[in-house]
Amino acid sequence: MKASVIVFPGSNCDRDVAVCLEAATGAKPTMVWHGDADVPASDLIVLPGGFSYGDYLRSGAMAAHSPVMRDVVAKARKGITILGICNGFQVLTESGLLPGVLMRNASLKFICRDVTLKVERNDTVFAGQYGEGDIITIPVAHHDGNYFTDRDTLERLEGENRVAFRYCDATGALDETANPNGSLHNIAGIYDETGRVLGLMPHPERLADAALGGTDGKHMFTSLVEALH
Amino acid sequence: MGSQATAPLTSELVAEHGLTGEEYERLLGILGREPSLTELGIFSVMWSEHCSYKSSKVWLKTLPTEGPQVIQGPGENAGIVDLGDGHAAVFKMESHNHPSFIEPYQGAATGVGGIMRDVFTMGARPVANLNALRFGAPDHAKTRHLVSGVVAGIGGYGNCVGVPTVGGEVNFDAGFNGNILVNAMCVGLAHADRIFYSAAKGVGHPVVYVGSKTGRDGIHGATMASAEFDDNSDEKRPTVQVGDPFTEKLLIEACLELMAEDVIIAIQDMGAAGLTSSSVEMADKGGVGFDLDLDAVPCREEGMSAYEMMLSESQERMLMVLKPGSEEKAEKIFRKWELDFAIVGKTTDSGRLVVSHNGEIEADMPVKALADSAPEYKRPWTPTTPPELLAPEDVPAPNSITEALETMMASPHLCSRRWVWEQYDHMVMGDTVRRPGGDAAVVRVHGSKKGIAAACDVTPRYCTADPVEGGKQAVAETWRNLTAVGADPLAITDCMNFGNPERPEIMGQFAGCIEGMGEACRALDYPVVSGNVSLYNETNGAAIPPTPAIGGVGLIPDIGKMANLALRAEGETLLLLGPELGHLGQSLYMDVMLERREGAPPPVDLAAERRHGDFVRELIREGVVLAVHDVADGGLVVAVAEMALAGDIGVALAPNESPLPAHAIAFGEDQGRYVVAVGDHAGDIQARAQQAGIPVRVIGTTGGRDLVIPDEPPLPLATLRQLHEGWLPHYMQAM
């Protein structure tokens with residue numbers, strides 16, 4: 001699997017995800033500067049976490065208009081696999097590759113902690129190594145992770161089975177207390193129509209190493225390697 | 001001289017610049033003439049307490065600063081210790097007290113930004129932020145607002161830059177009602193053979209300005225930080241700088257990218273007193289002069305005067321001296337990161353700082369005199385008379401140990417700080433192997449199996465009663481916290497927060513704390529490598545409690561051999577290592593349960609401290625203990641409760657046969673103690689401890705869902721957790 005990581009000014013999880021990609025593939029991913037016109041031929045393009053352009057204007061809004069994103073969007077339309085984590089998810093919604101918006105957390109505060117997620121489906125390139133309905137632990141770290149969209153879109157997302165992960169408690173219950181940011185339907189991540197574009201607020205790259213306290217995030221990267229070779 | 005020089009300098013103007021008549025005479029002697037307004041401004045900031053350490057230098061010199069592990073001691077932007085294998089840890093702690101009280105969000109945010117610049121200016125990538133925060137009493141009208149703003153500011157800056165905030169401490173005390181303390185610490189990781197310093201050696205080299213543009217913010221911030229507050233302090237808001245963490249992030253990446261090329265001769269961040277102190281310090285250390293052309297300085301606003309540009313404390317700016325011919329290469333990197341880059345002068349052999357603006361010379365002053373001849377005061381001081389030791393029997397007992405524990409764990413002093421650290425990104429960079437909430441945080445040295453441990457501590461209650469013992473205890477407690485995770489403590493940074501040094505009793509507190517700190521540092525081979533002094537923390541004549549905040553850094557050779565406070569398994573034996581003397585003087589028990597602060601603080605036996613700590617570290621390295629916690633505020637029962645909560649495993653405490661009252665055993669704050677949980681080796685470890693001359697006692701067994709104190713009803717962990725986790729969020733919700 002050949003992976004590229006887009007680096008925006010203000011990205012700060014680019015190295016973290018590169019470490020995980022290298023561990024999973026055995027090769028360093030290509031780091032692509034936001035000002036470049038093209039992304040080199042890749043099986044996977046990652047939009048990493050961070051504060052692209054300082055999150056000024058709106059999280060992800062300016063990054064969505066950076067030069068490299070034209071090619072990212074074009075490649076997504078051709079079926080290249082795209083993973084947006086945290087700020088990367090925000091960039092994906094701002095650039096129209098995924099529907100909805102990430103609003104300020106309901107608590108109005110930045111939240112950094114481990115959360116439990118329910119794996120809604122495992123028939124995608126991202127989740128093959130998880131079981132459907134698995135409950136996994138992965139951290140969140142964001143100020144703007146409150147997923148919102150209009151009712152029709154929400155119905156379509158649910159109807160098309162496009163919710164990737166939901167915030168749940170340790171038993172899998174999807175109640176309010178397990179929802180860290182006020183997201184509609186406890187949504188933590190969604191797919192596009194093809195299932196090849198995933199945006200999620202939690203950071204799988206942060207729990208992909210036993211020394212850091214867990215490895216549930218690792219399986220996303222090994223799933224990708226398995227699916228994309 | 002420029003046009004401003006024609007304005008007469010009245011004695012009021014001189015006084016407004018914080019210079020005494022005597023200091024002004026000295027200035028006249030150095031220049032041999034009247035200064036221009038710009039020169040007066042430059043002298044005033046260079047000679048401010050904040051920049052010159054004029055009241056504290058004489059005492060700071062007595063601290064030990066050397067050791068085989070020390071690469072760089074005090075005097076540079078930050079201290080540096082050797083981590084082996086070519087790795088070095090670069091670290092420092094700095095106060096941002098005055099601005100944070102006036103404007104908590106920006107004050108705290110720029111404190112974080114400033115300390116990170118001190119670290120990456122030396123060639124290190126910042127890898128961990130910590131902070132020591134002290135607020136007024138919870139019922140004080142301003143406290144909530146300040147807590148909320150400071151925590152949001154620290155998070156807002158550090159989270160965006162992408163450096164994990166991994167540890168620190170939070171205190172509430174009425175003594176800080178009028179002056180809160182925001183002490184920010186940063187630890188960076190560098191290659192030991194690629195360290196960058198600030199000495200601008202060589203003549204004719206380009207002086208380069210990079211980063212953000214210069215605005216009118218923060219003018220005279222250093223002078224504000226060297227004055228007391230009164231009721232009108234809020235009017236000083238315009239002197240608080242505004243931070244831009246996004247630019248800081250770009251500046252880190254650009255500087256580190258440039259540092260990988262061999263083109264930088266000297267580099268220094270523009271912190272307090274901005275362009276003035278950075279250029280003076282660089283020129284002085286390099287033994288050169290600087291010609292600065294202010295017309296080339298990138299400005300945010302139009303029509304800025306030389307005075308304003310030289311004194312601005314706009315954030316996220318650096319000054320560099322480059323090797324000639326490398327300007328283009330350097331500029332390309334900064335342009336890529338969309339930062340300003342301007343050649344603003346050159347180094348000269350004149351030994352003078354010559355500042356020109358709009359074709360006029362605005363300042364022309366000898367560098368050496370500016371840097372070195374700041375006044376140095378040995379201010380009169382009166383030592384604090386420590387109170388007598390309290391006998392444990394003289395301290396009233398509670399109705400029940402369990403009830404007292406519940407009250408204390410739910411108090412502002414001991415309650416969980418989760419509400420604070422969940423607002424900080426403590427995991428970014430993917431190397432946080434010990435998260436906040438333990439004795440010390442640990443970040444892995446990226447790409448290796450080594451870890452850097454860091455902790456912040458001081459107990460102002462103790463320092464108030466007895467500055468010498470308090471200073472000792474602060475150093476010893478960081479050493480203990482590093483030891484408790486399995487680290488070899490290497491060195492400290494200190495942030496000395498005190499009142500008005502012109503008052504002999506305050507100077508006495510300062511001298512006492514330094515004496516105690518020095519003693520502990522020497523006994524533990526734990527030198528001071530960097531630090532900062534914040535004086536004049538007073539409002540309307542009321543000083544803060546003496547607060548020498550200590551930041552300790554240690555090395556874990558193998559993160560596979562670490563401990564933390566969480567109990568790991570049922571059926572383990574809990575051992576207490578260290579003495580049981582029942583010291584309740586200045587204890588949290590007296591403070592919370594009796595609302596009294598009396599008696600001498602617990603003395604620190606430094607030889608025992610070292611013996612006990614070395615033994616505990618040995619056990620951790622052998623892998624025979626995994627759960628370790630030092631006994632600090634609140635004493636033994638509180639330490640056990642914290643271990644039980646962290647591991648979600650109950651404990652049945654064993655009865656003890658001590659002749660001391662039960663509450664003195666439970667809540668006494670004797671020093672140099674650890675609780676360890678042991679599986680099968682309890683007897684063996686007890687024997688080894690006894691052989692090493694370390695008091696040891698079986699204090700209980702792990703298991704179940706309760707904390708059980710002998711002869712008292714069991715306390716369910718769930719209840720205790722609710723009490724412990726509840727106070728802070730509940731308090732902040734009432735905003």
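Tutor: One term first: a residue is called buried if 20 or more other C-beta atoms, placed from the backbone, lie within 10 Å of its own, exposed if 12 or fewer do, and partly exposed in between. Please keep in mind that this is a predicted model, where local features need pLDDT of at least 70 and side-chain atom pairs count only at pLDDT 80 or more, while totals for chains, interfaces and linings use all residues. Residues are numbered from 1 along each chain as its sequence is written, with chains lettered from A and ligands numbered from 1 in the order in which they are written.

Student: Ok, which residues of helix 2 of chain A are exposed?

Tutor: Those are P67(A), A74(A) and R77(A), and helix 2 itself covers residues 67-77 of chain A. Helices (H or I, at least four residues) and strands (E, at least two) are DSSP runs, numbered from the N terminus.

Student: And which residues of that helix 2 of chain A are buried?

Tutor: The buried ones are V68(A), M69(A), V72(A) and A76(A). Seen down the axis of helix 2 of chain A, they fall within an arc of 100°, so they line one face of the helix; the arc is that of the directions from the helix axis to the C-beta atoms.

Student: What do the buried residues of helix 2 of chain A pack against?

Tutor: They pack against five strands of chain A, namely strand 1 (3-7), strand 2 (30-33), strand 3 (44-47), strand 4 (81-85) and strand 11 (197-200). Contact here has a cut-off: the C-beta atoms of the two residues, placed from the backbone, lie within 7 Å. Just after helix 2 of chain A comes G79(A), which takes a positive phi of about 100°.

Student: Now the place where the chains meet. How many residues does each of chain A and chain B put into the contact?

Tutor: Chain A gives 21 residues and chain B gives 23 residues. On the side of chain A, helix 1 (14-25), strand 6 (111-119) and strand 7 (135-142) each supply at least two residues, and strand 6 of chain A gives the most, with three residues.

Student: What about chain B as a whole, how many helices and strands does it have?

Tutor: Chain B comes to 25 helices and 28 strands, and 62% of its 735 residues count as buried. A compact globule with 735 residues would have a radius of gyration near 27 Å, and chain B, with 26 Å, agrees with that. This radius is taken over C-alpha atoms, and the globule rule is 2.2 Å times the number of residues to the power 0.38. Along its principal axes the C-alpha trace of chain B spans about 85 × 50 × 45 Å.

Student: Which residue stands opposite V70(B)?

Tutor: That is V81(B), in strand 2 of chain B; strand 1 and strand 2 (residues 79-84) of chain B run antiparallel and are joined by two bridges.

Student: And how many bridges join strand 2 to strand 3 of chain B?

Tutor: Five bridges join them, and the two strands run antiparallel. They form a hairpin with two residues between them, and D85(B) in the turn has a positive phi of about 55°. Strand 3 of chain B is mostly covered, with eight of its nine residues buried, and nine bridges join strand 3 to strand 6 of chain B, also antiparallel. In that pair, V90(B) has G188(B) in strand 6 of chain B as its bridge partner.

Student: Last one, where is Y53(B), and is it buried or exposed?

Tutor: Y53(B) is in the loop between helix 4 (49-52) and helix 5 (57-60) of chain B, and it counts as buried because it has 20 C-beta neighbours inside 10 Å. Its phi is near 55°, a positive value in a residue other than glycine. Q586(B), in the loop between strand 22 (573-577) and helix 20 (588-593) of chain B, has a positive phi near 60° and counts as buried with 27 C-beta neighbours inside 10 Å.

How values were computed:
Pairing = 2+ DSSP bridges.
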